[in-house]
Amino acid sequence: MEKDHPLEENMMEESEQAEDSPQAPEKNFEEEISLLRNQLLRALAEVENTQKRGHKEKEDTQKYAITNFARDLLVISDTLDRALSSIPAEEREKEGFLKVLCDGLLLTQTELSKVFSRHKIEVVNPLHQNFDPALHQAVAQLEDGNHASNTVLEVFQKGYTLSGRLLRPAMVSVAK
């Protein structure tokens, strides 16, 4: 008889051993039933675990499918931030072309923030918080008597998470 599966192989070996033993036939049947019940329960548990794993992988795939696209959008957010920060505050208030341009940039930035929020993309801006290597990347350490050691002093680039998973770490300087 051809052996296709390890369980079948075990069953055949145990079945052959049972036939060779001089025990009472009822005892052999009880042992075989017990063995088969055990194998069935293990197989059912394995199927259930496989289904759970598959369901989790499907959820993760749906949740994080936009990761690359989201990273590409972060560049747009950074560019909008730099454009707005490059225009002096007093110039933003004057009537004219520059005010209209700033208003358009702010509107675009607001809409992008709404899109981020809808897709569970959150900003990591840890200014004056404790340094967290899981969310931040330290690019400099500075002497500072006003803040405790490992406090974020400056944020060079905001970080982002997607559904709680790090999309990009915040680039920061940290107090020594």
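Two rings of Phe, Tyr or Trp count as a pair if their centres lie within 6.5 Å, and planes over 60 degrees apart make the pair edge-to-face. Keep in mind that this is a predicted model.

**Exercise 1. Find the aromatic pairs in the whole structure and classify what you get.**

Step 1: The search turns up one aromatic pair. Its members are Phe 116 and Tyr 160, with 5.7 Å from centre to centre.

Step 2: Check the planes. They stand at 75 degrees, and the cut-off is over 60, so call this one edge-to-face.

**Exercise 2. Decide whether Phe 116 and Tyr 160 are buried or exposed.**

Step 1: The cut-off for buried is under 20% relative accessible area.

Step 2: Phe 116 comes out at 5%, so it's buried. Tyr 160 has 1%, so that residue is buried as well.

**Exercise 3. Work out how the sheet containing β4 is put together.**

Step 1: The order is β1-β4-β5, an open sheet of three strands with antiparallel pairing.

Step 2: Pick out the edges. β1 (121–124) and β5 (165–168) each pair on one side only.

Step 3: On average, and ignoring direction, neighbouring strands are turned by 35 degrees against each other.

Step 4: Zoom in on β4 (residues 159–162). Three bridges tie this strand to β5, and Thr 161 has Leu 166 in β5 as its bridge partner.

**Exercise 4. Find which ring Arg 165 lies over.**

Step 1: Follow the Arg 165 side chain to the face of Tyr 64, where the distance to the ring centre is 3.6 Å.

Terms used:
Residues numbered from 1 in each chain as written. Predicted model: local features only at pLDDT ≥ 70, side-chain atom pairs only at ≥ 80, totals over all residues. Heavy atoms only, no water. Pairing = 2+ DSSP bridges. Helix = DSSP H or I, 4+ residues; strand = E, 2+ residues; numbered from the N terminus. Axes fitted to C-alpha atoms, helices over the stretch in contact; angles between N-to-C directions. Phe/Tyr/Trp six-rings, centres within 6.5 Å; stacked < 30°, edge-to-face > 60°. Buried < 20%, exposed > 50% of the residue type's maximum accessible area, 1.4 Å probe, protein only. Lys NZ or Arg CZ within 6 Å of the ring centre and 35° of its normal.
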